[in-house]
Amino acid sequence: MAQTAGKVVGIFGDNQDELNSQVFANQLQIRLSQTTPDKKCVILSASDEESYKIAFDFFSMEQVPDIFVTQDIEKARYLTQASYFGSSSDCPIIFALSDNIPPVIKGLYCFPMNYAQLGLEVAEALLIAEPHEYKNNNVSVANRSSYLYTATPAVMSDDKSQISLNLLTLPSPSTTALKKLLPHFYRQTGIKVNLAIHPYDEVYQILSQLHLHPYYDLLRIDMACFPWFAERILRPLDKIGDGLTDLLSHFSLPTQQKFGLVNDVAYAMPFDASAQLLFYRKDLFEDTILKRMYYEKTGNELTVPTTFEEYDNVTQFFTELHQAGQAHCPMGASTTLGSAGLIATEYLLRYYAKGGRLIGSDNIPRLAMPLAAEVLADYLHQLSITENINHKWWSGSVRQFEQGHLAMLISYMNLFNDVAHSDILPKIGFAPVPGGVPQLGGGVLGVSRYSRKSSYAELFYRWLYSPVVMDHLILLGGNSNHENFSHNQEISHRYPWMTLAYQEINQGIRESSVPNGKLFNLRQAEIIIGQGITNVINHIMTIEETIDYINQRLLIDTQGER
């Protein structure tokens, strides 16, 4: 505002009787007098009811302000009306405090005010303060929504050839959200981003032979195989343009380590980092009739399960009551059987819940007996009480839950956010997964070592990982645990599980690397485990034979030297 041409600043605040309005106007005058002493301030105040009428008074003054500052977006709107009907000139520039999703209009500069963050941090400060400190306990809160929204002209490149970046990715809510935002990047930079969207298995095959596909610049890589590929096919972040490692500071240290670093070298940025959560039909768990029926059947309260024994009991209860087509009588839960990797993931969740680990203290990948056999027996049992879905991805299970056909769903948060835009949202409850050891999912975004567009890639990264674009990616159904999101009121309201998911990402597990320096191909390990379990389902092997088969293949087929 100090850099804007004009001598008279019109400050349009709330009723003068309100202390915050007085402080706002006074502090603004003080700061302006310090930075631009030649600017003169004119202050008008009004209640909400009188704001429309008072706005016209600015344009009746002998010297109409060249710049306006308003305490809320409504007063900015009234000024545009007053200018249109009460002035023969164009409306001057307006700076306005706003909510988290302000209008983007030329000549209007909106500064989002995060009152949810303010309330949270003040409450936390009061809780930790001693009673005698309340009187003089001043709390300073930095507004994290510090982006100034306004319409900007599109960038016109002098280069007549098309400047572009090619991004390899898979279909997901985050990909869909990114596609909707790419016109903004083009408008800002003149660079077009082409999305090459392929199924998971195809993406993996392309990454395995990336030298045959040098035309890809940006790569979305699943975090399960990120360490396997990083040193072979990615350019380190500090070698992209003038360096990008500073962007990682916007993520928690556990996220950086699991979604950015390999051998302490930053190779990628978290793209849609995720963890598993338990989602459930809150309306069913709170239904007094169902609660009574469950107690009479089991002798226990119908509560959100915290162990897989409880989870299977609740699943069986709902499945026995299931009536096709009746939303109040859904199946208990689902099992996805269309892919070996998905079968392994659902099995490993139960294995981790009972204290198992895929990589032991000797750094050798194996399933530990007799625990592995016990967990497999439990997994096989639950197949008879769940909806078995023969899909290659979890989208089928998510769709079943969204349509009201499941009472519970364990899902990666990055696959679930789209459900927030459906009618079932008010009925959704969420909790940590049974056993409390979620698996991590989602992916990272890296730059191919074969790309020759490093400077363009840097521009893309700095655009994508700016707080404002991250916020809008999430609001459109995408996913990120960028530090800024938890302070956005709209995001917290629309996706109430995001705060829990952020915590779960920090403590989740995905054994995609080995401490001894050897490469470990977790994706291949999951395929081996899933194929072994399929052999039991098809009665080809016994449980013991399957665990032995899996362990032999894990030892031979999943490790490599750096």
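Buried means under 20% relative accessible area, exposed over 50%, and partly exposed in between, with a 1.4 Å probe and protein chains only. The model is predicted: local features need pLDDT of at least 70, side-chain atom pairs count only at pLDDT 80 or more, and totals for chains, interfaces and linings use all residues. Residues are numbered from 1 along each chain as its sequence is written, and side-chain values use heavy atoms, with hydrogens and water left out.

**Exercise 1.** Classify Asp362 as buried, partly exposed or exposed, and state which contact its side chain makes with Arg366.

Solution. Step one: Asp362 has a relative accessibility of 37%, so it counts as partly exposed. Step two: Arg366, at 35%, is partly exposed too. Step three: the two side chains form a salt bridge, 2.9 Å from N to O; the term covers a side-chain nitrogen of Lys or Arg within 4 Å of a carboxyl oxygen of Asp or Glu.

**Exercise 2.** Find which helices are tied together by the pair Glu320 and Lys297.

Solution. Step one: the closest N and O atoms of Glu320 and Lys297 are 3.0 Å apart, and the pair is a salt bridge. Step two: Glu320 belongs to helix H11 (residues 308–321) and Lys297 to helix H10 (residues 288–298), so the bridge ties together parts that are 23 residues apart in sequence. Helices here are DSSP runs (H or I, at least four residues), as are strands (E, at least two), numbered from the N terminus. Step three: Glu320 is partly exposed at 46%, and Lys297 is partly exposed at 48%.

**Exercise 3.** Describe what is found at the start of H10 and just after H10.

Solution. Step one: at the start, a side-chain oxygen of Asp287 comes to within 2.9 Å of the backbone nitrogen of Ile289. Step two: just after H10, Gly299 has a positive phi of about 80 degrees.

**Exercise 4.** Compare the accessibility classes of Asp238 and Lys239.

Solution. Step one: a salt bridge joins Asp238 and Lys239, with the closest N and O atoms 3.5 Å apart. Step two: Asp238 has a relative accessible area of 42% and is partly exposed, whereas Lys239 is exposed at 53%.

**Exercise 5.** State how many salt bridges a search of the whole structure finds, and name a network.

Solution. Step one: the search finds 19 salt bridges. Step two: Asp14, Asp72 and Lys75 are linked in a network of salt bridges.

Methods:
Polar contact = N/O pair within 3.5 Å; in protein donor to acceptor, adjacent residues only side chain to side chain.
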